[in-house]
Amino acid sequence: MASLDVTGLSAHSCRELLAVGDVSAVELTQAYLDRISAVDGEVQAYLLVDGEGALAAAEAVDAKPKDKRLPWEGVPIGLKDVLCVKGMETTCASRILKGYRPPYDATAIAKLREAGLIFLGKLNMDEFAMGSSTENSAYQVTRNPWDLDRVPGGSSGGSAACVAAAEAPWALGSDTGGSIRQPASLCGVVGLKPTYGAVSRYGLVAFASSLDQIGPVTRDVTDAAALLDLVAGRDPRDATTTGLNEPVGVPGRADLKGLHFGIIKEYLGEASEPGVREVFSAAVATIEALGGKCEEVSLPSVERGVAAYYLIAPSEASSNLARFDGVRYGYRTEHSEDLYDMYVRTRSEGFGDEVKRRIMLGTYALSAGYYDAYYAQAQRTRTLIIQDFDQAFGKFDYLISPTSPTVAFKIGERTADPLAMYLSDLCTIPVNLAGLPGISLPAGHSDGLPVGLQIVGPHFSERGLLDAAYAVEQELKVDVVAPLGGAR
Amino acid sequence: MISREQVEHVARLARLRFDEDELARLQPELGRIIEYVDQLSELDVSGLEPTSHAVPLNNVFRVDDPVPGLSQEEAVSNGPQVDKGQFVVPRMR
């Protein structure tokens with residue numbers, strides 16, 4: 001086969017090609033490796049490409065008779081570098097984890113390995129998933145495939161950019177305050193944050209444990225459903241997992257008749273830029289044309305979400321990141337006077353600015369005399385936000401808003417102002433605080449840049465949520481592959 | 001606001017060290033963020049229970065069967081300095 005064009009392929013179309021035998025797993029894997037060679041010099045989505053390992057795994061698939069293969073066997077995938085893959089360098093885009101080769105697989109990775117997926121490599125991110133632009137990576141700046149001067153969003157910017165540039169048919173990311181949905185929105189692909197507890201966090205390097213969830217970044221809703229089903233499930237190694245009530249299956253809903261959508265009022269008007277508002281209004285019209293009923297609803301407490309998040313997440317992070325001390329893994333400073341000095345030098349040299357900022361904030365919020373004023377107050381605000389969502393779901397099936405208040409911003413535009421960067425996640429953060437599932441769907445473009453629609457459902461409503469998202473997707477018909485120079 | 005002394009105190013608690021330039025940047029940055037999150041003090045949430053996990057679960061048990069874990073060799077394989085299967089650290093004072 002001369003050269004397989006992967007730019008038109010979703011994961012389920014890869015699966016079909018493999019099933020009918022039009023293409024071998026090695027040919028498919030090689031086609032993605034070729035695509036990565038052709039475009040990743042510009043996009044910089046991958047921190048590590050494991051061509052050798054991927055081809056060896058693909059060969060093993062090809063050696064098996066077709067009727068002995070599992071459904072997704074031989075389909076390639078890209079992995080955010082926050083997920084532990086046995087023997088494969090896992091850095092969280094941090095200097096402090098340089099050279100770390102996990103001696104075990106994350107549960108989500110073990111499930112994909114068992115299902116026969118081919119691991120293409122590790123994807124760039126904001127260091128320890130802290131950021132909204134992937135500019136906080138210690139290694140490289142990933143570019144948005146729709147405009148190489150702009151950020152892909154973050155923290156799963158590598159995952160979103162890689163799917164938008166067809167450098168993998170799909171990818172796994174993680175979402176603590178919007179880190180799957182916001183980059184998916186900015187790169188014009190589908191991103192799903194599952195209900196807290198649907199997917200095991202075992203082997204996901206911890207940022208904020210009460211908020212972190214692993215989820216799919218894909219080209220369409222069908223793939224998001226399939227990837228969620230592959231990784232979801234209760235895990236004895238993560239006591240906070242419950243799994244899904246039922247598998248999501250293949251979404252196929254044709255209309256939205258009988259469904260009631262609440263438009264979150266706090267995210268309308270000045271909260272979003274005009275181009276985003278325009279695309280969002282058109283999406284609302286589409287939902288109505290499909291028979292869904294849309295109505296504004298106020299959730300006043302979501303406006304406090306960013307403030308509550310920037311106390312809760314850094315507090316949890318300051319505790320989680322205490323483990324990076326230069327003793328058991330990763331970087332250790334060259335010279336130190338004693339143990340204490342080794343800790344301090346290792347951490348000061350190994351962490352980047354944003355990570356240090358958040359460790360400082362979290363340590364401050366948890367320190368004696370401030371705990372009640374900050375951390376406990378934020379946790380009570382979290383209760384208030386949950387109550388507002390509960391109340392809204394008493395009346396509405398799903399809640400909708402833009403995923404991000406703006407389209408992709410220019411590289412460097414927000415790095416000087418941490419607070420402006422934090423506000424990028426205005427619409428996504430409350431969803432994590434309440435542990436709800438949320439999806440970002442490509443809804444259209446503003447000046448050639450993608451705009452995402454966020455749909456949020458009650459806990460464990462993934463099946464219905466993805467079904468509804470599928471109906472919207474079929475009607476919107478938004479092109480998901482970025483018009484990357486010449487490669488198309 | 002957060003004072004220079006407070007920043008230095010928190011840095012010690014967090015096992016971090018900052019030079020003069022970094023401190024000059026960090027102190028106002030943290031100050032602005034703290035000023036922003038201070039808006040929560042306007043809310044009367046005194047009657048609400050704090051939430052630590054959004055999907056409440058209690059008493060999650062698993063069967064207490066021993067299963068093989070990492071070998072000692074695997075467990076120390078990433079250590080920056082290892083001797084006889086153990087992590088080596090600088091002296092304490």
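**Stop 1: two crossing helices in chain A**

Start by selecting helix 8 (residues 274-289) and helix 15 (residues 462-476) of chain A, whose axes come within 10 Å and cross at roughly 110 degrees. Helix 8 of chain A and helix 15 of chain A are therefore roughly perpendicular to each other. Keep in mind as you look around that this is a predicted model.

Now show the side chains where the two helices meet. From helix 8 of chain A, pick Ala283(A), Thr286(A) and Ile287(A); from helix 15 of chain A, their counterparts are Val472(A), Glu475(A) and Leu476(A). Colour this contact by residue class and you will find four nonpolar, one polar and one charged residues.

**Stop 2: all of chain A**

Zoom out to chain A, which has 15 helices and eleven strands. Its C-alpha atoms fill a box of roughly 65 × 55 × 45 Å along the principal axes. Colour by burial next: 64% of the 488 residues of chain A count as buried. If you draw the contacts between residues at least 6 apart in sequence, 77% of those in chain A join residues at least 24 apart.

**Stop 3: an enclosed strand**

Select strand 2 (residues 76-80) of chain A. Five of its five residues are buried, so the strand is largely enclosed by the rest of the structure. In a regular strand, side chains alternate between the two faces of the sheet. Here both faces are covered: Pro76(A), Gly78(A) and Lys80(A) are buried on one side, and Ile77(A) and Leu79(A) are buried on the other.

To find one of the pairings, look from Pro76(A) to its bridge partner in strand 3 of chain A, Ile118(A).

**Stop 4: chain B**

Switch to chain B, with three helices and two strands. The C-alpha trace spans about 50 × 45 × 20 Å along the principal axes of chain B. A compact globule of 93 residues would have a radius of gyration near 12 Å, but chain B has 23 Å. Buried residues make up 16% of the 93 residues in chain B.

**Stop 5: where the chains touch**

Show both chains together and select the contacts between them: 57 residues of chain A are in contact with 41 residues of chain B. Which helices of chain A each supply at least two residues of the side that touches chain B? They are helix 9 (305-320), helix 10 (339-350), helix 11 (353-366), helix 12 (372-395) and helix 13 (418-422). Helix 12 of chain A gives the most to this side, with twelve residues. By class, the side of chain A that touches chain B has 30 nonpolar, 17 polar and ten charged residues.

**Stop 6: Met360(A)**

Finish in helix 11 of chain A, at Met360(A). Is Met360(A) buried or exposed? With 24 C-beta neighbours inside 10 Å, Met360(A) counts as buried. Leaving aside residues up to four places away in sequence, Met360(A) touches Val10(B), Ala11(B), Ala14(B) and Leu30(B).

Key. Residues numbered from 1 in each chain as written. Chains lettered and ligands numbered in written order. Predicted model: local features only at pLDDT ≥ 70, side-chain atom pairs only at ≥ 80, totals over all residues. Contact = placed C-beta atoms within 7 Å. Helix = DSSP H or I, 4+ residues; strand = E, 2+ residues; numbered from the N terminus. Nonpolar A, V, L, I, M, F, W, Y, C, P; charged D, E, K, R; others polar. Axes fitted to C-alpha atoms, helices over the stretch in contact; angles between N-to-C directions. Parallel < 35°, antiparallel > 145°, perpendicular 65-115°, else oblique. Buried ≥ 20, exposed ≤ 12 C-beta atoms within 10 Å, placed from the backbone. Rg over C-alpha atoms; globule rule 2.2 N^0.38 Å. Pairing = 2+ DSSP bridges.
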